[in-house]
Amino acid sequence: MKFYDPDGTEFGIPTYPRKLAPEGLATRRQLRARGLRPTGQDVAAQILWHGRRPPGSRIRLLRVAYLYRIDLAAPMRPMTPGRWRAVAAMMRARRTCPDCQVTHDYVIPTSLGCCPGCAGYPVALAA
């Protein structure tokens, strides 16, 4: 097996191919699905695999997923009213155009830096 290195001699930390990681380890997404968070623990192992090739390239991308110990993970912190207010303020800032100061129903595209109307694109009016 190409990426099987449970001792970490070749890659520095224990490395496994996809679907062969030992029990008791999980990725951040898997921890979150269980209602847990890594709590600042170091990476316990990693999963390596080849990703897709970019168009026109012969090189396959090497992908990595870091694994954390489930027994050291802690429960996720609950959303407090203050955290909800902070998230609402962040989202409001992402929806407010810096040029016309209008708060839209959508997030302002970062590629434009302002709302499409201020960037010169035609905006369809709602009937």
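Me: Let's start with the largest pocket. How much space lies in it?
Reply: About 240 Å³. Keep in mind that the model is predicted.

Me: Which residues lie nearest its centre?
Reply: Ala21, Pro22, Leu25, Ala26 and Gln30. They belong to a lining of 15 residues.

Me: And which elements give two or more residues to that lining?
Reply: Strand 2 (25–26) and strand 5 (62–69) do.

Me: What's the lining like by class?
Reply: The largest pocket's lining has 9 nonpolar residues, along with 3 polar and 3 charged ones.

Me: OK, switching to the surface. Which residues form the nonpolar patch?
Reply: Met79, Trp84, Val87, Met90, Met91 and Val107. Together they have about 520 Å² of accessible area.

Me: Where does Met90 sit?
Reply: Met90 is in helix 2, which covers residues 81–95.

Me: Is Asp71 buried or exposed, and why?
Reply: Asp71 counts as exposed because its relative accessibility is 56%, and the cut-off for exposed is over 50%.

Me: What about Arg69, how does that one count?
Reply: Arg69 has 36% relative accessibility, so it counts as partly exposed. That class lies between the under 20% of buried and the over 50% of exposed.

Technical notes. Residues numbered from 1 in each chain as written. Predicted model: local features only at pLDDT ≥ 70, side-chain atom pairs only at ≥ 80, totals over all residues. Heavy atoms only, no water. 1 Å grid on protein atoms, 1.4 Å probe; cavity = no way out; pocket = protein on both sides within 12 Å on 5 of 7 lines; lining within 4 Å. Points joined across faces, edges and corners; volume = space filled by probe spheres on them. Helix = DSSP H or I, 4+ residues; strand = E, 2+ residues; numbered from the N terminus. Nonpolar A, V, L, I, M, F, W, Y, C, P; charged D, E, K, R; others polar. Patch = residues over 30% accessible without salt bridge, like charges linked within 9 Å, V, L, I, M, F, W, Y side chains within 5 Å. Areas by Shrake-Rupley, 256 points an atom, 1.4 Å probe, with all protein chains shown as cover. Salt bridge = Lys/Arg side-chain N within 4 Å of Asp/Glu carboxyl O. Buried < 20%, exposed > 50% of the residue type's maximum accessible area, 1.4 Å probe, protein only.
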